[in-house]
Amino acid sequence: MSWPSWLPLRADLQPLSPYGAPQIPAKATLNTNENPYPPSPALIEAIADETRKVATNLNRYPDRDAILLREKLADFINGLSGTTFDSENVWAANGSNEIIQSIFFAFGKTVALGFTPSYSMHPLIAKVSGTIWVDGARNSDFSIDLNQAISQIQEHSPTLTFVTTPNNPTGGAVSLAEIEQLAQATKAISGLLVIDEAYAEFSTEPSAVTLIEKYPHIVVIRTMSKAFAFAGARVGYLICNSVVKDALMLVRLPYHLSALTQAAANVALDFKEELLGYVSTLVSAREDLVSQLEKLGLTCVRSSANFILFSGFPQSAPKLWSQLLEKDVLIRDVGLPGYLRVTVGNEAENKEFIAALKDLV
Ligand SMILES: *Cc1c(COP(=O)(O)O)cnc(C)c1O
């Protein structure tokens, strides 16, 4: 877009476009990798009760440091990964996007490196925060070429190196052994290695949180938005060495996490068995979708997440995307020529998607 000359917008922002996954109502909403299962009546009730309690105090600022929430998040991760973190190893914010922004504010000194295609917000937040973004390429199967990655780390000395695992939009996971090699390379140039684990709960790979004790420059981003089925509440968090958390406190806005958000998230963590209960359902639905896509002659990238990147259709990706939308199925064109990404939905949505696709490929 062209901006009016009276607007003193920063020159480096003028060529950018805002993040914009289309928000279009559809019968099957399979475009933003949410968990399709809504909270149970018991959880809704518990959130309403807790919110009512908190409302009596809304004239006051919330706990600026969100201590209770951070303790609960530490317990949650310890339960999944057998670690011994406490609230000092956790920072929480309004979605992991705010975590990423804080990381750039605190550590985005010169260059940041990531392996494209990956999560589009990493380069966008880099640019907004005035950090140079370097695209590290991937192999044609979208895996990371470790030797090339290590030489790019040595060449550019990024203060931040991003690895998304499982990767969005391609779905593949990076092994812990590979992360450890990247950890050694980033340690040698005194950078941080940022592991974005937004989809970790869907993967069988162990979490990189298990490496933090040995490599304090590894920080791991997690979110309640995806497997945890809590995207509407906007809660993301970082597992890290306590001095990383101390540094992030320098750049956070005062009282950034509202009392209502904290209350809802605290309650949701008490319902973790229920919320994560759908993970195995979604993983088997993913495998089911893969085999149905393959039966239609399409090719799927191996996914360890709750979405599938597929190719092999005769028309262009934007064309198939809009043909599906005409049939009330919303998926995602991630801008990779010849590929589309579909989120694993509930049974009805997945059926809707396959039925619509059958007529088009
Ligand atoms: C969805 C997503 C996020 C953002 O999640 P929020 O916590 O909702 O802000 C972060 N990283 C990746 C890779 C994602 O796909």
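The domain bounds used in these legends come from an automatic or database domain assignment. Please keep in mind that the model shown in every view is predicted.

**View 1. Two domains of one protein chain, set side by side.** Domain 1 is made of residues 28-39 + 277-358, while domain 2 takes in residues 58-270. Between the C-alpha centres of domain 1 and domain 2 the distance is 26 Å. Where the domains meet, 19 residues of domain 2 are in contact with 21 residues of domain 1.

**View 2. The buried area between domain 1 and domain 2.** The size of an interface is often given as the accessible area lost when the parts come together. Here domain 1 and domain 2 bury about 1500 Å² between them, and 65% of that area is on carbon and sulfur atoms. On the side of domain 1, look for Val-279, Ser-304 and Phe-307, the residues that lose the most area to domain 2. Together these three account for 30% of what that side buries.

**View 3. Polar pairs and the elements of domain 1 that touch domain 2.** The count of salt bridges between domain 1 and domain 2 is 0, whereas 4 residue pairs are in polar contact across the interface, with both residues at pLDDT 80 or more. Three elements of domain 1 each supply at least two residues to the side touching domain 2: α10 (278-295), β10 (307-311) and β12 (339-343). Of the contributors to this side, α10 gives the most, with 4 residues. Sorted by type, the residues of domain 1 that touch domain 2 are 11 nonpolar, 6 polar and 4 charged.

View 4. In the side chain of Asn-97, an N or O atom is 2.9 Å from an oxygen atom of the ligand. Asn-168 places a polar side-chain atom 2.8 Å from a ligand oxygen atom. For Arg-234, the distance from a polar side-chain atom to an oxygen atom of the ligand is 2.7 Å.

View 5. Thr-165 and Pro-166 are joined by a cis peptide bond with omega of about -10°. Pro-166 sits in the loop that runs between β5 (160-164) and α6 (176-188). Another cis peptide bond links Asn-168 to Pro-169, with omega of about 15°, and Pro-169 also lies in the loop between β5 and α6.

**View 6. A positive phi at Phe-142.** Although Phe-142 is not a glycine, its phi is positive, at about 75°. You will find Phe-142 in the loop between β4 (132-136) and α5 (146-156).

**View 7. The salt bridge of Asp-65 and Arg-252.** The model has 14 salt bridges by the rule applied. In the one between Asp-65 and Arg-252, the closest N and O atoms are 3.3 Å apart. Asp-65 is in the loop between α1 (41-55) and α2 (67-81), and Arg-252 is in the loop between α7 (242-251) and α8 (259-270), so the pair ties together parts 187 residues apart in sequence.

Conventions
Residues numbered from 1 in each chain as written. Predicted model: local features only at pLDDT ≥ 70, side-chain atom pairs only at ≥ 80, totals over all residues. Heavy atoms only, no water. Contact = heavy atoms within 4.5 Å. Buried area = accessible area lost by both parts, 1.4 Å probe. Salt bridge = Lys/Arg side-chain N within 4 Å of Asp/Glu carboxyl O. Polar contact = N/O pair within 3.5 Å; in protein donor to acceptor, adjacent residues only side chain to side chain. Nonpolar A, V, L, I, M, F, W, Y, C, P; charged D, E, K, R; others polar.
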